[in-house]
Amino acid sequence: MLIGNKGKFFAMIFGVALTSLIITQQSSIFVGLMSRTVGFIFDTPLPDLWVMDPKVQFVDDIKPMQDTKLLQVRGVQGVEWAVPLYKGSIRARLANGTFQTCNVIGLDDATLVGGPPTMVSGRVADLRLADSVIVDEAAAQGKLAKPGPTPQSPKTPLKIGDLLELNDNRAVVVGIARTTRTFQSQPIVYTTYSRATRFAPRERKLLSFILAKVKPGEDFTEVARRINGQTGLAAYTAPQLKGLTIRYFMKNTGIPINFGIAVGLGFLVGVAIVGQTFYSFITDNMRYLGILKAMGAKNNVLFTMIILQTFLVGALGSGIGMGIASLTSIISKNSELAFYMPWQIPVVTVLATTLITLLTTIFSLWKVIRLEPGIVFRG
Amino acid sequence: MDPAIVCTNLTKSYGPKGNLTPALRGIDLEVKAGELFMLVGPSGCGKTTLISVIAGILNHDEGTCRIFSRDLDAMDDGDRTEFRGKNVGFVFQAYNLIPTLTTTENTSIPLILNGVPRAEANERSREMLRQVGLGSKLDTLPTELSGGQQQRVAIARALVHNPRLIVCDEPTSALDHTTGSEIMELFRHEALKGGRTLVIVTHDARIFQYADRIGVMDDGRITRIVNSPSEL
């Protein structure tokens with residue numbers, strides 16, 4: 001019956017699709033943003049433990065340590081190796097005189113542990129050349145690209161051999177790397193630890209993190225506990241540091257509440273559109289349902305009809321909504337839009353649309369249970 | 001032969017307790033199998049309530065109602081639904097065809113509800129539609145048919161599963177005189193076949209002549225039963 005009424009059928013599919021789209025898209029953007037907060041940890045998979053000042057709240061919350069802490073960590077039982085890492089903001093001066101704040105990562109001079117995950121051009125080892133830096137691809141094509149002669153002119157992407165000025169220091173681009181986008185979307189500039197501390201404004205302490213490898217057979221948690229006990233520093237595994245960072249953003253920013261409201265509104269829109277349309281469909285067809293009941297249709301037959309129709313609408317609507325969201329994901333790949341759709345999001349979306357159709361169905365079934373077949377002879 | 005319908009001291013009231021409005025005030029009625037029985041009377045006299053009780057779609061308050069020797073009171077909802085599905089056909093004033101289904105699909109509904117496979121149901125429905133003169137409209141939507149044609153589809157739907165009782169509510173009220181007469185001829189020739197019983201509620205004096213007997217109702221009672229319209 002519902003399929004025969006094309007207007008109501010499409011209105012319900014539209015309602016479910018809209019709900020599904022809003023829930024999927026907003027949740028994916030939320031997860032995308034959250035994953036960007038830990039993008040740097042993603043790109044640094046080698047160390048087993050990240051050692052830092054115990055007051056650090058998230059990965060970008062740098063509380064520098066004394067360089068001697070590195071030696072203390074190396075002396076802890078169970079640590080196979082430990083290297084320093086600098087992470088800090090340094091201003092770059094562009095060719096047209098404007099400034100751009102960059103996220104400078106200083107890698108251990110000897111091992112270059114913590115280097116960029118994928119090189120687009122050049123080699124990580126070239127960081128051993130004088131004044132060398134590696135720039136991330138997005139920044140090379142965007143924020144750090146060389147401006148044209150006029151503001152309207154297209155920018156020229158940075159390439160190997162180009163020069164940068166970092167806090168009044170000369171830097172030579174020796175490579176372009178592909179990195180995971182970060183929450184702040186600042187250009188990422190890789191260099192050696194000693195050079196990074198030379199580029200950085202003078203401070204008494206400059207050691208941001210110590211990256212440590214645990215000896216084979218040693219328990220990560222136990223080694224982390226030893227590091228904490230012997231040095232007073234906090235040591236986290238990568239998942240722990242990601243969790244710490246995400247919890248910080250969840251707790252201290254308005255991101256979850258803003259996206260939560262959008263997702264909630266999407267759900268309510270779905271309930272309103274689908275519920276209202278299906279309610280009017282049931283009301284309009286109450287006479288026909290009564291006729292079927294009078295002619296011998298038992299409640300379970302009517303229930304099956306209604307359930308099939310609502311779930312067909314639910315399946316089509318959620319499929320269309322998630323399809324559009326997936327299309328957005330493909331189109332927005334490598335763009336500024338933070339969109340990441342892990343498998344859990346479609347599952348949640350399907351559950352939400354199932355809940356909407358279930359609520360609508362239960363309401364409809366309730367009307368059918370109470371329906372008297374005697375309605376057929378009323379005017 | 002046992003009578004098709006036996007109602008004894010049937011009462012039915014509507015409304016909340018303490019403010020009940022009686023619709024049936026002790027109906028005694030017997031309709032023979034194979035009879036075309038008409039119920040007439042002014043609006044609000046209880047005609048529709050009475051055929052609703054007889055058809056098993058409305059519970060009465062007191063008295064008994066036996067249809068083909070089965071006591072409706074003794075059946076639960078499920079049994080009564082099954083009984084209706086097998087034994088009762090319905091024809092309505094407003095036809096009540098499902099607008100999104102074709103004539104064949106509409107006619108198939110009682111068969112499908114009785115568990116007849118869809119292909120067989122469609123074949124029997126087409127045959128029934130041919131019998132009521134709609135052989136050229138087998139796959140037409142109700143909205144594309146005239147009022148008389150729609151009522152023929154409704155009659156085909158009421159007959160297709162071969163029920164023993166057909167209840168009709170004002171089947172000719174929405175039709176002109178000629179079409180109404182054609183519908184009544186159809187009832188007489190097709191619907192009464194095989195000893196089937198028809199109960200028709202009507203205001204339409206033009207069709208009284210087709211009745212075997214006419215029950216006159218007033219204020220919830222059957223005041224008299226006559227054998228021909230001239231006795232009214």
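## A first look at chains A and B

Leu268(A) is exposed, at a relative accessible area of 53% (exposed means over 50%, buried under 20% and partly exposed in between, using a 1.4 Å probe and protein chains only). This is a predicted model, in which local features need pLDDT of at least 70, side-chain atom pairs count only at pLDDT 80 or more, and totals for chains, interfaces and linings use all residues. Residues are numbered from 1 along each chain as its sequence is written, chains are lettered from A and ligands numbered from 1 in the order in which they are written, and side-chain values use heavy atoms, with hydrogens and water left out.

**A patch on the surface**

- Leu268(A) belongs to helix α8 of chain A, residues 255-284 (helices are DSSP runs of H or I with at least four residues, strands are runs of E with at least two, and both are numbered from the N terminus).
- Together with Ile257(A), Ile261(A) and Leu265(A), Leu268(A) makes up a nonpolar surface patch with about 410 Å² of accessible area.

**Where the chains meet**

- Chain A brings 19 residues to the contact and chain B brings 24 residues (contact means heavy atoms within 4.5 Å).
- About 1,800 Å² is buried between the two chains, and carbon and sulfur atoms give 72% of this area (buried area is the accessible area, with a 1.4 Å probe, that two parts lose on being put together, summed over both).
- Of the area that chain A buries against chain B, 42% comes from Tyr288(A), Met295(A) and Phe377(A), more than from any other three residues.
- One salt bridge is found across the interface (a side-chain nitrogen of Lys or Arg within 4 Å of a carboxyl oxygen of Asp or Glu).
- Lys298(A) and Glu82(B) join their side chains in a salt bridge, at 3.3 Å from N to O.
- Helix α9 of chain A, residues 286-294, gives six residues to the side that touches chain B, the largest share.

**Helix α2 of chain B**

- Among the buried residues of this helix (residues 77-87) are Arg80(B), Phe83(B) and Asn87(B).
- The buried residues of α2(B) pack against α9 of chain A, as well as against β4, β5, β6 and β7 of chain B.

**A buried threonine**

- Thr44(A) sits in the loop between α2 and β1 of chain A, and counts as buried at 2% relative accessibility.
- A polar atom of the Thr44(A) side chain lies 2.9 Å from the backbone oxygen of Phe40(A).
- Leaving out residues up to four places away in sequence, Thr44(A) touches Trp50(A), Gly114(A) and Leu211(A).

Technical notes. Patches are made of residues with over 30% relative accessible area and no salt bridge: like charges are joined within 9 Å, nonpolar side chains (Val, Leu, Ile, Met, Phe, Trp, Tyr) within 5 Å. Accessible areas come from the Shrake-Rupley method with a 1.4 Å probe; for residues, only the protein chains shown count as cover. A polar contact is a pair of N or O atoms within 3.5 Å; within protein, one must be able to donate a hydrogen and the other to accept it, and residues adjacent in sequence count only if both atoms are side-chain atoms.
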